[in-house]
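Biologist: I would like to learn how to read a model like this one. Shall we go through it feature by feature?

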Amino acid sequence: MAFLNWEDYVICVVTLVFSLGVGLFYSLRRSEKQKTTHEFIMGDGKMAVIPVAVSLMVTLISGITMFGVPAEVYMYGMQMFIGTTAIFFSNLLNMHLLLPAQKKLRITSVNQVTG
């Protein structure tokens, strides 16, 4: 059975610590100003692009993904590349079509009931 090298553990720990750091930084920095749930959950729409992008990346790329994708590619080949390419283009469509409509409607989810 193969074990991970120390570099692999360092990358996992750095990713988790960075994610935790972004959350703690924004929770401590704005804690006295955040009075509503919308301000807390959505950052009141004023958070910078980089912290939001890193937070989403770390959320989507979990530890299971970091360990599972290399094993999947090793076992079954590069089919993962096709899936990743499809996800990239679907995210572009989402970013340019769905998200502007949601922002204009002031909703956080397509499942949210307004009224």
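**Reading the model**

Modeller: Start with one side chain. Phenylalanine 88 is partly exposed, with a relative accessible area of 48%. That value lies between the 20% and 50% cut-offs, so the residue is neither buried nor exposed.

Biologist: What is the exposure of phenylalanine 89?

Modeller: Phenylalanine 89 has a relative accessible area of 49%, so this residue is partly exposed too.

Biologist: How many aromatic pairs does a search of the whole structure find?

Modeller: The search finds one. Its members are phenylalanine 88 and phenylalanine 89, with ring centres 5.3 Å apart. Their planes meet at 75°, so the pair is edge-to-face. The cut-off for that class is over 60 degrees.

Biologist: How far should I trust the coordinates?

Modeller: This is a predicted model. Where pLDDT is low, the predicted coordinates should not be read in detail. Here the mean pLDDT is 78, and 83% of the residues reach 70 or more.

Biologist: Where is confidence lowest, and where is it highest?

Modeller: Lowest in helix α2 (residues 37-42), at a mean of 66. Highest in helix α5 (residues 79-105), at 86.

Biologist: What is the overall fold pattern along the sequence?

Modeller: The pattern reads α-α-α-α-α. That is five helices and zero strands. Of the 115 residues in the protein, 8% are buried.

Biologist: Which residues does the "transmembrane region" annotation cover?

Modeller: The unreviewed UniProt entry gives residues 6-26, 47-67 and 73-99. Compare such a record with the model. Over residues 6-26 the chain is 100% helix, and the end C-alpha atoms lie 30 Å apart. Over residues 47-67 the chain is 81% helix and 0% strand, with end C-alpha atoms 31 Å apart.

Biologist: Which residues of α3 are buried, and where do they lie around the axis?

Modeller: The general idea comes first. An α-helix has 3.6 residues a turn, so residues three or four places apart point the same way. In α3, the buried residues are Pro51, Val54 and Val58. Viewed down the axis of α3, they fall within an arc of 65°, so they line one face of the helix.

Biologist: What covers that face, and what is on the other side?

Modeller: The cover over the buried residues of α3 includes α1 (6-29). On the other side of α3, Val49, Leu56, Thr59 and Leu60 are exposed.

Conventions. Residues numbered from 1 in each chain as written. Predicted model: local features only at pLDDT ≥ 70, side-chain atom pairs only at ≥ 80, totals over all residues. Heavy atoms only, no water. UniProt positions renumbered as here; feature names shortened; annotations may be inferred. Helix = DSSP H or I, 4+ residues; strand = E, 2+ residues; numbered from the N terminus. Buried < 20%, exposed > 50% of the residue type's maximum accessible area, 1.4 Å probe, protein only. Arc of directions from axis to C-beta. Contact = heavy atoms within 4.5 Å. pLDDT = per-residue confidence, 0-100. Phe/Tyr/Trp six-rings, centres within 6.5 Å; stacked < 30°, edge-to-face > 60°.
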